[in-house]
Amino acid sequence: MHSSFPILTALIVTPAAGALLVALLPKGRPELVKLAGLLTSLAVAAMSVWLLASFETGEAGYQFTSQHPWIEQWGISWNLGVDGISLFLVVLTGLIFPIAVLGSDPHHDEKPYLAWLLLLQAGVMGSFLSLDLFLFFVFFEIVLVPMYFLIGGWGYDQRIYAATKFFLFTMAGSAFMLVGILATVFIHRANTGVTTFDVVELTQTADFATSTGRWLFLSFAVAFAVKVPVFPLHTWLPDAHTQAPTAGSVILAGVLLKLGTYGLIRFGVELFPEAAVWSRPVLLTLGVVGIVYGAVVATMQTDLKRLVAYSSVAHLGFIVLGTFAITSQSLSGGVLQMVNHGVSTGGLFLMVGMISERRHTREIAALKGLQKVAPVFAAAFTVIMLSSIGLPGLNGFVGEFLILIGAFLTARWWTVVAAVGVILAALYLLWAYQRVFHGEPDEENRSFPELTWREGLVLLPVIAAIGFCGVYPKPMLDRIEPSVDRVVALVEERTDFESPRPVAAEHGDTSGDESHGDSEGEG
Amino acid sequence: MLAQQFQGPSVDWWSLSPLLVLLGGGMVILLGGALTGRLWPKGLYAAAAATTAGAAAVLCFFLWDDVIDEGAQRLVGDALVLDGFGLFVTVVVCVAVILASLLTDDYLRRESLDGPEVYGLYLMAAIGGVVMAVAHDLLVLFIGLEALSIALYVLAASHRRRIESQESGLKYFVLGGFSSAFFLYGIALVYGATGSTNLGRIATFLDDSVAVGNNDALLLAGVALLLVGLGFKVAAVPFHTWAPDVYQGAPTPVTGFMASAAKAAAFAAVLRVIVIGLEARQDDWRPVVWALAVLTLLVGSVMAVVQTDVKRMLAFSSVSHAGFILVGVEAAGRGGDPTAADPGISGVLVYLIAYAVLVLGTFGVISVVSRKGDGATDLTAFQGLARQRPALALALTLFLLAQAGVPLTSGFIAKFGVISAAVDVHSYALALVAMLAAVIAAFLYLRVIVSMYLTDAEPGSPAAEPVRVPMSTGVAIGLSATFTLVVGFVPGWLLDLARDAAQRTLG
């Protein structure tokens, strides 16, 4: 499996180089610019698929690691690696960009648009692959710049406000994290005499005093909670989503928000297990509040895009619940749900973008009876929407169900409330669907164009992923689970938290074993 | 009686060579310019000033080897020192002169100002700055401070046809005179308390007299007055009120020079006097520096956000940066191991060079955007710059993002250095305040970026007028941008230099 080709470095460098190439191409040749952008993103997609194919199933640790000194004075290195937790996020990042590039049109200034998009991809890839705290922070921060310009340059009316809010919220979170990172490294140095930003080494040798660990965890958790976003730090998200161009929303929902949930697992639970267990009640509560709040507010929205944005808040609440329930199933479900949410919400944003492209409005009230005039379009929307609702047989169900059965064992009452969210999701999405697609189309909606071939081609992989993962999630879970178990084992080793384990670790597609609720230890 | 014959201190001329080169170059430009009138092609003045500063910087590298081999040395009867710290700051000042000269050349032509005086004054100010950085005696430091300040007063007022420039020079002069008086009185009080103006002897005296400590009031009052004087020069809150007016009114390249060279020299003096000279009394001054840092960070950032004139914004942002550097100062001087490099000092040094280059690049762009008359510095003057001059807009974006501390730029490395120094000594609260102040300040940089990229110039407004980028200015901006990125991606060499400099600081 360890080929000599530095695949992970290539996954970061290729889009960055592509961005540079696009930026250097002449402005008067938009077709050349588009081709270069598309080819770069396709090359990255191919590499990420290759990574998926050569990933060793059943291996819990990091694979394809590559480490080169960068700033030796500070013990910082270019340190990359991928494990089951980050694997599918990396693949998702690789695949969603060509979809975003093909599935939406910037309308003006293609050159900087594509350059920023590719730079964004490099940053997101880097964040998921970094095993060095400094390097992670660098990528985590650098992501803000292209996203800021994408929202600000190609978004809707309130774009500047939304872009600035996005930038400042995230940066404020990062301010805490940077101090936390430095404190972690220096306290670790005081304890062990080794200056390192290496996450693996820190995880293995970290031995923080209880209160120190809790403070450090908090500094990280704030940054990630803004990014996720966890209620009540979510207020930037609806604005950013609503105002961003379609590709921006797709990527924001698809992968950018996952930086937060991924960070909570990798740099929260794994690095500070004691503090993670200690903070469970608060974070579980915030997650569940997010689920219910997001769902209720989504129901009330009149703007289709804002509705999907609030549904994101709800979905990410599930992932937070799964993460801090800290059972093998709930965490696996959480990781899976990160990918599922990326696929289905990304798909929804894509389709809302298509509607807005056709009708120049996203107001639910202005849309009516689209099913009559564009049945294929409506069918595609239905599939993606049902996946977002969590219909059995589609991918959303697998993730949510795993989270719920996993979390039920260690966080029963939170799970009970969270389950309400599943019903609410059906409510707000179906109601919106009913208003937009059902009924007789009025004058303005009668000429709504049907799905084009190109759009169909873009949606095809999304729908394929929804179907495949819904029916046969085992290949994904097989790769996710060993790494998740490693995290759970670490938590159990470092704390007196006991995570109940299913007797048989077999996962049928949707046949969760409910009979294992034998110990409901609350930590 | 031979003993009565005056015995001058021995002078190691080679070790003083950077100063001598700057002095010689300054004299040649001033005298040559005055005597030969308009014979010189205009660009030659700038070239001469830049070459002089470049030569001084090169000499610093030769001297650097000596310092590495032989350690720090005392010069001219212990009035000056030759050490890594002094050489590093000398190079920062020289770099500032080079970039400022490149920016000034076109500026003078555009504004139809003539005269070599500006370049001569740059070099004179540089001499003052270097003397401040290498002084080992409070009085020598004061001479450096005055040389720097007086040159800057004149420079600020050097645009003869702009009333704002005159106002700026006068304000700076009056307030600067005040602060010099404070500083001088502080020297007198410290002399009264310790019996010497020599930093080495002051340190020795304080080390020995810890147990006695009966002169506390005198000493503390002296230290406080020294802090006021230096705080004025670095524009630390509450001694910052001159900065916005002076920055806004002064000719733009001069503003850049002020924000880089003067700030670097003043912080060098702060470190010399407070951290190194008064190390024994760090428990007394550290809380004061802590409070100054917090105030400077917050007031600077918040006030920057509400400005509409870009030069004023950057004046306040420069105040906020001073706060960041104060975070490094607060963290300095606490290392247990005297032979190891002090992360606070090396952090400040990295910050000074990174900020000097950044701010000169920024003001370089502003200088060309301000157009003829040097008046178009309102936020609206930047509208649509990205369409009109994409490369220029990109460069300014880079400088602004770097000032905000976005990774892969020198600004991030600089911020990381001082923040890590602060966290290293458990100044968590201060580190956090600094980072949050950076977020506030980021809003202001974003405002400029929004103006450039996301809003279009209205036809007929000043922003619609074409922006001309002459070559020398372009070169200066290009050099600054390159440095910003190189340090952002490969900071190792600079960190090594700063560490060596901090390690070989005369304590």
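**Close-up views of a predicted model**

**Figure 1. Val234 of chain B, a buried residue in a helix.** With a relative accessibility of 2%, B:Val234 counts as buried. This and every other view here comes from a predicted model. B:Val234 belongs to helix 8 of chain B. Which residues does B:Val234 touch, leaving aside those up to four places away in sequence? They are B:Lys263, B:Ala266, B:Phe267, B:Val270 and B:Ala322. Another residue to look for in this view is B:Val319: 85 residues separate B:Val234 and B:Val319 in sequence, while their C-alpha atoms are 7.8 Å apart in space.

Figure 2. Is B:Ser480 buried or exposed? Its relative accessible area is 1%, so B:Ser480 is buried. Not counting residues up to four places away in sequence, B:Ser480 is in contact with B:Leu99, B:Val357, B:Gly361 and B:Phe399.

**Figure 3. Two residues of chain B with positive phi.** Neither panel shows a glycine: B:Asp78 has a positive phi of about 70 degrees, and B:His426 has a positive phi near 65 degrees. B:Asp78 sits in the loop between strand 1 (73–75) and strand 2 (80–82) of chain B. B:His426 is in the loop between helix 16 (410–424) and helix 17 (428–454) of chain B. What about their accessibility? B:Asp78 is buried, at 15% relative accessible area, whereas B:His426 counts as exposed, at 55% relative accessibility.

Figure 4. A:Pro229 lies in the loop that runs between helix 9 (210–227) and helix 10 (236–243) of chain A. In chain B, the bond to find is the one from B:Val237 to B:Pro238, which is also cis, with omega near 10 degrees. Where is B:Pro238 placed? B:Pro238 is in the loop between helix 8 (216–234) and helix 9 (242–249) of chain B.

**Figure 5. Helix 1 and helix 4 of chain A.** Two packed helices are described by the angle between their axes and the distance between the axes. For helix 1 (residues 7–24) and helix 4 (residues 110–129) of chain A, the axes come within 8 Å and cross at roughly 165 degrees. An angle over 145 degrees counts as roughly antiparallel, so helix 1 and helix 4 of chain A are roughly antiparallel to each other. Their crossing is left-handed. On the helix 1 side, the residues that meet helix 4 of chain A include A:Leu8, A:Leu11, A:Ile12, A:Pro15 and A:Val22. Among their partners in helix 4 of chain A are A:Lys111, A:Leu114, A:Leu118, A:Gln121 and A:Met125. Sorted by class, this contact of helix 1 with helix 4 of chain A has 15 nonpolar, three polar and one charged residues.

**Figure 6. Helix 16 and helix 19 of chain A.** The axes of helix 16 (residues 328–359) and helix 19 (residues 395–410) of chain A come within 7 Å, crossing at roughly 155 degrees. That angle makes helix 16 of chain A roughly antiparallel to helix 19 of chain A. The crossing of helix 16 and helix 19 of chain A is left-handed. From helix 16 of chain A, the contact residues include A:Gln329, A:Ser330, A:Gly333, A:Gly334 and A:Asn340. From helix 19 of chain A, they include A:Asn395, A:Gly396, A:Gly399, A:Glu400 and A:Ile403. Which classes of residues make up the contact of helix 16 with helix 19 of chain A? The contact has eight nonpolar, 10 polar and one charged residues.

**Figure 7. Chain A as the setting for its close-ups.** Chain A contains 22 helices and two strands. Its radius of gyration is 22 Å, close to the 24 Å from the globule rule for 523 residues, so chain A is as compact as a globular protein of that length. Along the principal axes, the C-alpha atoms of chain A fill a box of roughly 70 × 55 × 40 Å. Of the 523 residues in chain A, 64% are buried.

Definitions and conventions:
Residues are numbered from 1 along each chain as its sequence is written. Chains are lettered from A and ligands numbered from 1 in the order in which they are written. This is a predicted model: local features need pLDDT of at least 70, side-chain atom pairs count only at pLDDT 80 or more; totals for chains, interfaces and linings use all residues. Side-chain values use heavy atoms; hydrogens and water are left out. Axes are lines fitted to C-alpha atoms, for helices over the stretch in contact, and angles run from 0 to 180 degrees between N-to-C directions. Helices (H or I, at least four residues) and strands (E, at least two) are DSSP runs, numbered from the N terminus. Angles under 35 degrees count as roughly parallel, over 145 as roughly antiparallel, 65 to 115 as roughly perpendicular and the rest as oblique. A crossing is left-handed if the near helix is turned anticlockwise from the far one by less than a right angle, and right-handed if clockwise. Contact means heavy atoms within 4.5 Å. Ala, Val, Leu, Ile, Met, Phe, Trp, Tyr, Cys and Pro count as nonpolar, Asp, Glu, Lys and Arg as charged, and the others, Gly among them, as polar. The radius of gyration is taken over C-alpha atoms; the globule rule is 2.2 Å times the number of residues to the power 0.38. Buried means under 20% relative accessible area, exposed over 50%, partly exposed in between (1.4 Å probe, protein chains only).
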